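Visitor: Please take me through one part of this model in close detail, with the cut-offs behind each term.

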Amino acid sequence: MVDFIGVSRIRELLTRRGTARFIEELAGEIEADFLRWESFDKSPRHATHSSVGVIELMPACDGRLYAFKYVNGHPTNTRTGLLTVTAFGVLADVETGYPLLLSELTLTTALRTAATSVLAARRMARASSRVMALIGNGAQGEFQVIAFHQLLGIREVRLYDTDIGATEKLERNLARLNLPGLAVVRCSSTAEAVAGADIITTATADKCNATILTPELIVPGVHLNALGGDCPGKTELHREILLRPDVRVVVEYEPQSRIEGEIQQMDPGYAVTELAAVLAGRVPGRASDREVTVFDSVGFALEDFSSLRYLLRIHHEERGTHARIDLLPELEDPKDLFGLLTMRSPRLAPTCDAAA
C-alpha cells in the first residue's frame, strides 16, 4: 500500500497548517536541500512539446529518495474550463524502488514556487523592500502575495494583468484573506504597477517571447522575480535588461535555465549564479542597494523533491483522512506474479484511515 495525497487531503493539510506556515516550512525544506546541492543527481526536465502546450517529467534523487513530477503547461486550456497547469508526483525509496507517496502537485507546485521565490528574495531583494508589483494575476498570484507579505514584509502589492478578470479574481481572494497591513492597488498598465516598486514579480502564461518588462521600466536597486519564462521560446524580460552592467542574475539549475529561462536569449558565456551558491553564502545575492537583481526562475525538480518529502511528513503528523492505495501487488511469493490472479481475496480497493 502506498500513501496517497489527493486534492481533498492537500486542502485539509493547508487548513490545519495554514497557508503561510505551509509556505514558510516548505521554504525551509527547499533551502535545506539546496544546501546539499552536490548530493543530488540532477538533470534538466524532459519536455514533450506540441503546438498547444508542453508535458514534462522532472526527476531528482539524493541517493536515498527518488522523486519525479509530471506537469503540463497548456495556456489555452482555460478557454474550455481546464487548468493551464496540472501536476502529480511520486516519492520513492531508492533501496527497494518502491514508491512511498503518490501525491497531487497542482496546488503544491504553486506553493513551492512561492516558497522558492521568497527564499531567493530574502537574499536578493533590498532588506527595506515593502512594495511589490505583480504582473500577471492568474493562478500563481495569491500564493506569491501571501509568501511575500508574511515572510518578507511586503506591505503594498500593485496588480496588473491584460485580463481584467484575472485581476478582479485576485483582488477578491486577497480581500477574503484580509492580510493585515497589506494595501492592494489595481493598476492600468505595467508601467503604473512597477513605478516605485522594490520587487517586480512577472507571472504571465502566454508561451511566447514577450517583453513584459522593458529597459526603461527598470530602476537601480529593484529585484525582479521572473517566473513566467519557463520553456523554450517563452520569456518576459527584454534582452537589454539582462545586458545592464549593474544586473546580477541567479538561476536554479544553469543547464536547464539556459534552455528555458530568461537567459535562453543570451550567449552561452553569459554569466549567472546558481541559487545554491547564494543560499550557501559562497556568492552574495546582492552586492549593493543599487544593483538590479534578477531571479530567473523556471522551477526545478529539487523543489518538488523537497515538497514531496515535506508532504509525506505532515501527512503523518496531521490528523484527518490518511488514504493509501494498492498501487503495487502484495504477494506471498514475490516470484509468482501470476499468483495474484488466482488469489481468493486480493486487496484491490483503496483504503482510508480516518484519524480520531
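Guide: Leaving aside residues up to four places away in sequence, Phe34 touches Glu252, Leu275, Ala276, Leu279, Leu302 and Glu303, where contact means heavy atoms within 4.5 Å. This is a predicted model, in which local features need pLDDT of at least 70 and side-chain atom pairs count only at pLDDT 80 or more, while totals for chains, interfaces and linings use all residues. Residues are numbered from 1 along each chain as its sequence is written, and side-chain values use heavy atoms, with hydrogens and water left out.

Phe34 is also one of the buried residues of H2, among them Phe22, Ile23, Leu26 and Ile30; buried means under 20% relative accessible area, with a 1.4 Å probe and protein chains only. Helices are DSSP runs of H or I with at least four residues, numbered from the N terminus. Helix H2 covers residues 19-34, and its end C-alpha atoms lie 22 Å apart, in agreement with the 22 Å that its 16 residues should span at 1.5 Å a residue, because the expected span is 1.5 Å times one less than the number of residues. The buried residues of H2 pack against helix H1 (7-17), helix H3 (106-124), helix H4 (141-152), helix H9 (275-279) and helix H10 (301-317).

In the largest nonpolar core, which has 64 residues, Phe22, Ile23, Phe34, Phe148, Val157 and Leu311 touch the most other members; such a core is a set of buried Ala, Val, Leu, Ile, Met, Phe, Trp, Tyr and Cys residues joined through side-chain atoms within 4.5 Å. H3 gives the most to this core, with 9 residues. Another core, of 27 residues, lies apart from it and includes Val131, Ala133, Met266 and Val292.

Key:
Helix = DSSP H or I, 4+ residues; strand = E, 2+ residues; numbered from the N terminus. Buried < 20%, exposed > 50% of the residue type's maximum accessible area, 1.4 Å probe, protein only.
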